[in-house]
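Here are my notes for someone opening this one for the first time. Have a look at the model, then go through the points below.

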Amino acid sequence: EKERAELAAAKENLDHERERVSLSASRVEEREKHAEAHKSRLARWEEDLKKEETRLEESRNNLKKDRQKAEEENERRRAYIKEEQARIERIRTELSQREEEVQVQKEELERERAMLSPTQSEVNGMRRTIQSKLEELNQ
């Protein structure tokens with residue numbers, strides 16, 4: 001009887017232990033499932049992160065290229081502006097020289113006109129001569 005009671009108690013203990021082990025195993029399985037899901041999420045995040053890093057690197061490279069192109073374009077524009085300023089300065093210098101030449105020619109023309117134009121007294125003298133000739137002819 002005593003042995004039976006011990007065996008029943010041992011069996012009961014064994015059943016409890018089996019139940020405890022079974023619960024522990026199911027908890028372990030549950031934790032493993034969570035761990036796998038977490039690993040899967042981490043792997044997706046790492047993949048997304050790598051894609052984002054690649055995209056950012058491409059953007060950086062594109063920005064560098066764009067900046068280089070803009071700098072080259074600005075340099076071309078600065079060179080063009082410099083050339084145009086030099087051309088304008090040459091035109092101004094030439095214009096100034098031509099204005100001086102025109103002024104000299106005007107002065108020369110004024111002197112020639114002055115030499116060619118009779119003075120008032122010469123005009124009066126010519127009138128008197130013409131008048132006297134007319135009077136002679138009329139007589």
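1. Let's start with a pair of side chains. Arg-76 and Glu-73 both sit in helix α1, three residues apart, about one turn of the helix. Helices here are DSSP runs of H or I with at least four residues, strands are E runs of at least two, and both are numbered from the N terminus. The two residues form a salt bridge, with the closest N and O atoms 2.6 Å apart. A salt bridge means a side-chain nitrogen of Lys or Arg within 4 Å of a carboxyl oxygen of Asp or Glu.

2. Before going on, a word on what you're looking at. This is a predicted model, where local features need pLDDT of at least 70 and side-chain atom pairs count only at pLDDT 80 or more, while totals for chains, interfaces and linings use all residues. Residues are numbered from 1 along each chain as its sequence is written, and side-chain values use heavy atoms, with hydrogens and water left out.

3. Back to that pair. Arg-76 is partly exposed at 48% relative accessible area, and Glu-73 is partly exposed too, at 29%. (Buried means under 20% relative accessible area, exposed over 50%, and partly exposed in between, with a 1.4 Å probe and protein chains only.) Glu-73 and Arg-76 also belong to a network of salt bridges that takes in Arg-77.

4. Other pairs in helix α1 are worth a click. Arg-60 and Glu-57 lie in this helix (residues 2-116), three residues apart, and their salt bridge has its closest N and O atoms 2.5 Å apart. Arg-60 is partly exposed at 44% relative accessibility, and Glu-57 is partly exposed at 36%. Further along, Arg-98 and Glu-94 are four residues apart, about one turn of the helix, and they meet in a salt bridge of 2.6 Å, N to O. Glu-94 counts as partly exposed at 38%. The total comes to 13 salt bridges.

5. Now zoom out. The chain has two helices and zero strands. Its radius of gyration, taken over C-alpha atoms, is 58 Å, well over the 14 Å that the globule rule gives for 139 residues, so the chain is more spread out than a compact globule. That rule is 2.2 Å times the number of residues to the power 0.38. Along its principal axes the C-alpha trace spans about 195 × 25 × 20 Å.

6. Last, look at helix α2 (residues 120-138), where you'll find Leu-134. Leu-134 is partly exposed at 43% relative accessible area. Together with Met-126, Ile-130 and Leu-137, Leu-134 makes a nonpolar surface patch of about 430 Å². Patches are made of residues with over 30% relative accessible area and no salt bridge; like charges are joined within 9 Å, and nonpolar side chains (Val, Leu, Ile, Met, Phe, Trp, Tyr) within 5 Å.

Terms used: Accessible areas come from the Shrake-Rupley method with a 1.4 Å probe; for residues, only the protein chains shown count as cover.
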